[in-house]
Amino acid sequence: MKRRTFLMGGSAVVTAAMMGERAAFALPGPDELIWADDLPGTLDPHAVSDVPMQGYMINVYDTLYVNKQNPPKLVPWLATGHTVADGGLTVTFKLRDGAKFHDGHPLTSDDVAWSFKRMLAIKKGPAAAFLPVLDPDGATAPDPTTVVFKLKRVYAPFLAATPLVAILNRRLVEANVKDNDWGQGWLATNAAGSGSYIPDIEGYQPVQKLDLKRNRDHFMGWSDNTAPIETVRRRPIRETTTRVNALIKGDVDCTDSYLPPDQVERVMASKTATVSKDQSMRLMTLRMNNKKAPFDNLNFRLAVSHAFNYKGFIDGVLKGYAVRNAGPIPVNLWGAPQDLPAYELDLDKAKDYLAKAKAEGAPVDREIEIHIQEHLAQTTQAAQILQQGLRKVGVNLKIIPNLWPQLISSTAKPETTPDMWAHWVSSYFIDPENWIGQMYDSQFHGTWKASSWYKNEKVDSLLHEARGLEAKDQRQALYEQASRIIVADAVDIWIYNGVELRGISRRLRGFNFTPIGSGADFHTMWLAS
Amino acid sequence: MARFVLHRLVLTIPALFGLLVLTFIMLRVVPNDPSAALAGENATPEQIAEVRRAYGFDQPLWKQFVIYVGQVGTGNLGNSIISNRPVLRDIADRLPATMELTFVSLLFATVVGIPIGAIAAVWYQSLFDHAVRVLTVAGLAIASFWFAIILQMIFAMELDWLPLRGRFPEGLAPPYHLTGLYFVDSLLTLRFDLFGRAAEYILMPAFTLSLAGLASIARFTRAGVLETLQKEFVHYAEAAGYRRLRIIWVYVLRNSVVGATTQIGLLFGGLISSAVAVEAIFDWPGVGSYAVNAILSSDYKAVLAITLVVGLIYALVNIMVDVVHAWLDPRVAEKL
């Protein structure tokens, strides 16, 4: 064949193929949901405990208790209820009848006890919340419907933390154990759950593509949803602009829940999509290393607290899609004092406190650093607003781009912890312990959550006592008291409690937001025609 | 020629080893310890230290490197510390998409860039030449992510001529997997309809990615043709009465594109790195988005593996360019 003939023939083939009947571009089918939120890095629910994993876990796995509604309520799920004995050291759960794994095997208390044992043995993700209070053999199954937990010490947040632990099909996972790895290699790309959706493992591509099929035999049944979604296609889209365009075009049924405020109006104006705005429990904080001068000086911290333009940030940058949070517990969670005075931008006060700090010998003239998370624009914007305020009172703030893994590694020691850094504390479990408990009790020093290196014996004592009490009202009083002390000490800068903004298609119905999983519970959803 | 290719292939081994050393040092010398992320949200320093021990991050850096090189020597690039999957498998799943995008972009840049550059040189100082010069400068200056978004807004959102994102229609089975390159697989299986669908999806990302390369090749070709047109053999051919078109397309062009060909080899590396942004915007399921995830999560084994694989491909493409170079210029072939 001559070159010219080949080229002409090739061109003809391409043209013919392009001119052929054009099907619609990737529009979702009438009974399938395209969910464009992030997938977890692994499918093993005991290996990671982050927001994408929550969105996966609540659909594919079941837990003893779950969080429903907003503000969230902890409700029995696999368990019918629980009892507490031995002054809080023994917690017993009774399981429902009829729960089955995806392979048809019944879910028993042995699976529950073994799941906790595995989670504690591999010591990853959710394990950290339980390791101080529960030994791997601390969960037992005296009969098929009873699970007993023997705690090492009284730990009131235990029940609230149980939704962190997915119950696995022991038989299935144990059949795939290699080199005593507790099935980690296998479960990273497989599933062993009982949840309302079954992942299609054949087509799974990590962090890129996962299809879920409805589990018709789920123990909760489907009577509350007359038109459940048969297929959910999880298709994360990395770039915000593409995600929003895809939603407006009708390619996908949702964005992630961190829609930039400047995109809200654009989505709302479209005919195909709207925005669900739900107050979450995601606290944005600028941390201060209280062990490093000049942050070891209260007056300096007060000066910094008064140099941040809270209103400008919330109204300007976030277009009002956030709620000012004056202290270390989300304002919509019990334990947060409702009358807590919030720091406001007041440069005169900032100057006064700065002068006092200087008089006390604090090195206020040194350049201070704030580390931001490079790929999260809001952390940069917050740092720039603080930089602007501090410059007006004569403090030089340098902004250092960084990444999450490096930042949390650096918080292991006070000398390596940055002067300041920006992050959010999300709702991993719904209890003040998740925020104030782990952020300001000095026993957690060395973890990223406690990276202020704050130590106050009174606060330590209040938080310790709150953990050991069962009565919520008593715990609430202690958390409120601790909050007031921490805010008076200006330990950190607490900016806002987030409003999650998720673009959703207008055909999607039954979207019920809960902070755990950010509303990604497909069990309740259906698609309008 | 065979000896030359073999020689170049052997030289690739120390080059890749150097790349591995450099990347390993860059990744591990900076404070970059994924143990805290792996240990979980509420992990204590003791639990983090245990994870560090379990993964060998507490070992001296040289020891970690020796262990890693030993693994690589056996063809095992390790498991991702995040997904626990073999990184080679993850890369193999995604590499064909990136390769297809890169090669189509390169093809586009070459097929369009060389004629444009040649015509601009032949019509030196004409309106066309001025337009090519302006547009090629613009092509080099325009940020690919901006251009990508503009293309999306026009052709996907407004006109609805092309798909917004992805590599293939949702719900339609891609061509039978032979190479992972949809164009090649659809032709090999005689599925011309799927070839067309794949073409619709690759048009915008490939054009975006090719823009800088196209501009560069056009400029190199223009300069090469202008220089060759002054050569004596051209005047001789004109005096001998050869047709102008034949002189330019057969004799001048062949002598002018040697520089542009070298440029194509160099461009390949640039295209692969630019593919990261283009893949993100067009939601193209390639190695670029995998690399970004790996970097953000400090998954250093994945980052090392990507660097190594891309380095190897880059080396192979450059060997191919040398071979083409020799084919175009027999004097080069004689020296090989």
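**Exercise 1.** In which helix of chain A does Gln378(A) lie? Decide also whether Gln378(A) is buried or exposed.

*Solution.* The model used in these exercises is predicted.
Step 1. Gln378(A) belongs to helix 12 of chain A, which covers residues 377-392.
Step 2. A residue is buried if 20 or more other C-beta atoms lie within 10 Å of its own.
Step 3. Gln378(A) has 21 other C-beta atoms within 10 Å, so Gln378(A) is buried.
Step 4. Val317(A) is 61 residues apart from Gln378(A) along the chain, and their C-alpha atoms are separated by 8.2 Å.

**Exercise 2.** Describe the side of chain A that touches chain B: which elements give two or more residues to it?

*Solution.* 
Step 1. Chain A brings 55 residues to the contact and chain B brings 48 residues.
Step 2. On the side of chain A, two or more residues come from each of helix 1 (3-19), helix 6 (184-187), helix 7 (240-249) and helix 13 (404-410).
Step 3. Helix 13 of chain A gives the most, with six residues.
Step 4. Sorted by kind, the residues on this side of chain A are 26 nonpolar, 21 polar and eight charged.

**Exercise 3.** List the domains of chain A, then describe the side of domain 2 that touches domain 3.

*Solution.* 
Step 1. The domain assignment gives domain 1 (42-187), domain 2 (197-278 + 501-527) and domain 3 (281-499).
Step 2. The C-alpha centres of domain 2 and domain 3 of chain A lie 33 Å apart.
Step 3. Eight residues from domain 2 and seven residues from domain 3 take part in the contact.
Step 4. On the domain 2 side, the elements that give two or more residues are helix 8 (261-269) and strand 11 (273-288) of chain A.
Step 5. Helix 8 of chain A supplies the largest share of that side, three residues.
Step 6. By kind, the residues on the domain 2 side are five nonpolar, no polar and three charged.

Note on methods. Residues are numbered from 1 along each chain as its sequence is written. Chains are lettered from A and ligands numbered from 1 in the order in which they are written. This is a predicted model: local features need pLDDT of at least 70, side-chain atom pairs count only at pLDDT 80 or more; totals for chains, interfaces and linings use all residues. Helices (H or I, at least four residues) and strands (E, at least two) are DSSP runs, numbered from the N terminus. A residue is buried if 20 or more other C-beta atoms lie within 10 Å of its own, exposed if 12 or fewer, and partly exposed in between; C-beta atoms are placed from the backbone. Two residues are in contact if their C-beta atoms, placed from the backbone, lie within 7 Å. Ala, Val, Leu, Ile, Met, Phe, Trp, Tyr, Cys and Pro count as nonpolar, Asp, Glu, Lys and Arg as charged, and the others, Gly among them, as polar. Domain bounds come from an automatic or database domain assignment.
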